[in-house]
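Thank you for making time this morning. I would like to walk you slowly through one model, so please keep the sequence and the picture in view while I talk.

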There are 2 protein chains.
Amino acid sequence: MTMQTPYLLFLADAREVLSLKIAKGVVDWRPELCVGEIALPECTVTLGVPRLTLAEAKERGAKTLVIGMNNSGGTIAAHWVPTILEALDCGFDVASGLHQRLANIAEVRDAARRNNCQLFDVRHTTTDLKTATGLPRSGNRLLTVGTDCSVGKMYTALAVEKSMRARKLNADFVATGQSGIFISGKGLAIDCVIADFISGAVEQLSPDNEANHWDIIEGQGSLFHPSFAGVTLGLLHGAQPDAMILCHVENREYMRGMRAHKLPGLQETMEMNLLSARLTNPDARFVGISVNTVDLSASDSNAVLKKYEAEFQLPCVDPVRTGVEPIVDRIEELWPQA
Amino acid sequence: MTMQTPYLLFLADAREVLSLKIAKGVVDWRPELCVGEIALPECTVTLGVPRLTLAEAKERGAKTLVIGMNNSGGTIAAHWVPTILEALDCGFDVASGLHQRLANIAEVRDAARRNNCQLFDVRHTTTDLKTATGLPRSGNRLLTVGTDCSVGKMYTALAVEKSMRARKLNADFVATGQSGIFISGKGLAIDCVIADFISGAVEQLSPDNEANHWDIIEGQGSLFHPSFAGVTLGLLHGAQPDAMILCHVENREYMRGMRAHKLPGLQETMEMNLLSARLTNPDARFVGISVNTVDLSASDSNAVLKKYEAEFQLPCVDPVRTGVEPIVDRIEELWPQA
């Protein structure tokens, strides 16, 4: 699915930026795709982009209203609907990353039909998927993998894409989750496809490409997460990565949402990912480590990065604090032709 | 989902028993659930059960018409529909394991509603699923795992259940695929659930149980199959097996449907399954090997079983040729209380 840009971001009744993960991702990584934000009177936060009416946004060229708020139930609140209907009547497409489908709200579906506008429920793919072939593809692929969920796999992939593009390398971020889809305007929420098609969907997201091209594929979950490891493995097999970056968060004791499972070690995580990746790409290797050290002081962060660098002989960065240049240097060394 | 039994098996226009995998599984494993078969005039095969009219089947107590044929596209042919409609008008529920949904054929849906009958599209779950907790459950669990797809995981699980029940042990087969669902009358097609819920669905299929109870869970795919390993891993993590049986087919060179991937070795397959299983059950262990030697002579089959038995120090059977008693003996030795 490909969404029309630029976007108008709908903050709804958000009272903290944390609940605007989807909208904030777009502002952080694709500010050029955001003409501005629109919000209900109850909203108490801003993303620092112009606050516009629908008419003003339309005038500035916005094509799609993005529901930028992610409440815990993943539902579309009834008091958001009037804004959605008004947007459709103004000719906007509407996109949502929530669990509840826009297309299942009768008045929204009718308004879209009446105005000849599209609804994008990005968690619910309508793409015709195939099972994976396991066959090699041309071009190069990098995948971010993690010790756990929510450690910075999307952030790292986007930072690598940005750095590679700044170096005039031929690279594209490939989204596999909701936030990534809004940032890149396309992709598939891989945890929402039918289980049989996990690997096949990733093969479709990252097809044959030019010999010097890099797909920078956003990873999901962790091979060590008891709820989601199946998704992670299917993604890994479909991605057939040449290069992997290990993403980790420092100072987290338990797997996300789990009270009985500690985070695996970095060594163990790399070994399990290499063992698994080799099924569809025998040459898969790690090219760097990306550590989220947000909870550490600057000097502690530095010490941690140095420690891992010495231990694993890989460039080791905090993508927010240090950037990812050392990892991209390593990629250029290893694949000089690409 | 739980289907009403006994069944009337609809062979449609089958011209070979191979296309009747679903119906044949029920006849082989649950003959007491089949009052008979019904077929179109073009059908040239039989499953050896009484050929009945709808009225005769009704008289013998049949509750559900099972579409027993599995064509390659997974579609419901237009010329099957009159029989389905007639069955609904006679008060039968109708169940299908095909990809195309009964409920999506307007006249079938209308007839079901009119007659107050249920439609079961067993590949499409309507169960409300949750993500996995990873928490241990009471009771015991056995899972069949494989070097490849279609090596005998369902057959082995059913044979183990049968043997355990004959010994008055407290055991239930747990279906995770279409054929198994028709055989046991319930279950979930695990490759058809949304990827996020693979492990969670298996936790729901095999909840807390009595301390001496065994769930004998049907495995799917293989950790070494490039298309489906994600499903296999999610199933393994959700099953949290205490005991695993390795299922293998002798004399198959390539993974099913793959021309570039050879079958893994038995040692490698056991190691990968143990490594993966330990995430949610640190005590997981193998209790036997089940080899499909259908392509071998009796003496070659014997030699192969002896070889693996010596190599892995595990009871090694061909469930069709030798039965599974040695494996169940081993289970009784290891868990005398259960």
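Let me begin in chain B, where an open sheet of 6 strands has the order β7-β8-β6-β9-β10-β11, with parallel pairing. The edges are held by β7 (171-174) and β11 (316-317) of chain B, each of which has a single partner strand, so one side of each is left without a neighbour in the sheet. Pairing here asks that DSSP find at least two bridges between two strands, while the strands themselves (E, at least two residues) and the helices (H or I, at least four) are DSSP runs, numbered from the N terminus.

Before going further, a word on where this comes from: this is a predicted model, in which local features need pLDDT of at least 70 and side-chain atom pairs count only at pLDDT 80 or more, whereas totals for chains, interfaces and linings use all residues. Residues are numbered from 1 along each chain as its sequence is written, and chains are lettered from A and ligands numbered from 1 in the order in which they are written.

Back in that sheet of chain B, strand β6 (residues 140-146) runs parallel to strand β8 (residues 214-217), and 4 bridges join the two. If you look for B:R141, you will find B:D215 of β8(B) standing opposite. Across β6, β7, β8, β9 (243-249) and β10 (285-292) of chain B lies helix α5 (residues 153-166), which runs at about 165 degrees to β7(B). Angles of this kind run from 0 to 180 degrees between N-to-C directions, and the axes are lines fitted to C-alpha atoms, for helices over the stretch in contact.

Chain B also has an open sheet of 5 strands, in the order β2-β1-β3-β4-β5 and again with parallel pairing. In this one the edge strands are β2 (34-39) and β5 (119-121) of chain B, each with a single partner strand, so one side of each lacks a neighbour in the sheet. On average, and with direction ignored, neighbouring strands of this sheet are turned by 20 degrees against each other. Within it, 4 bridges join strand β3 (residues 64-67) of chain B to strand β4 (residues 93-96) of chain B, which run parallel, and B:V66 stands opposite B:A95 in β4(B).

Let me now turn to chain A, which has 11 helices and 11 strands. Its radius of gyration is 20 Å, close to the 20 Å that the globule rule gives for 338 residues, so chain A is as compact as a globular protein of that length; the radius is taken over C-alpha atoms, and the rule is 2.2 Å times the number of residues to the power 0.38. Along its principal axes, the C-alpha trace of chain A spans about 55 × 45 × 45 Å.

How do α7(A) and α8(A) pack against each other? They do so at an angle of about 40 degrees, with their axes 7 Å apart, and that makes α7(A) oblique to α8(A). For that word, angles under 35 degrees count as roughly parallel, over 145 as roughly antiparallel, 65 to 115 as roughly perpendicular, and the rest as oblique. The crossing of α7(A) and α8(A) is right-handed, a term used when the near helix is turned clockwise from the far one by less than a right angle, with anticlockwise giving left-handed.

A second pair in chain A is helix α5 (residues 153-166) and helix α11 (residues 325-334), whose axes come within 10 Å and cross at roughly 60 degrees. These two helices, α5(A) and α11(A), are therefore oblique to each other, and their crossing is right-handed. From α5(A), the residues A:V160, A:S163 and A:M164 meet A:E325, A:I327 and A:V328 in α11(A), where contact is defined by C-beta atoms, placed from the backbone, that lie within 7 Å.

Finally, how many residues does each chain bring to the contact between chain A and chain B? The contact takes 29 residues from chain A and 29 residues from chain B. On the side of chain A that touches chain B, the elements that give two or more residues are α7 (198-205) and α8 (229-239) of chain A, and α8(A) gives the most, with 6 residues.

Definitions and conventions: Two residues are in contact if their C-beta atoms, placed from the backbone, lie within 7 Å.
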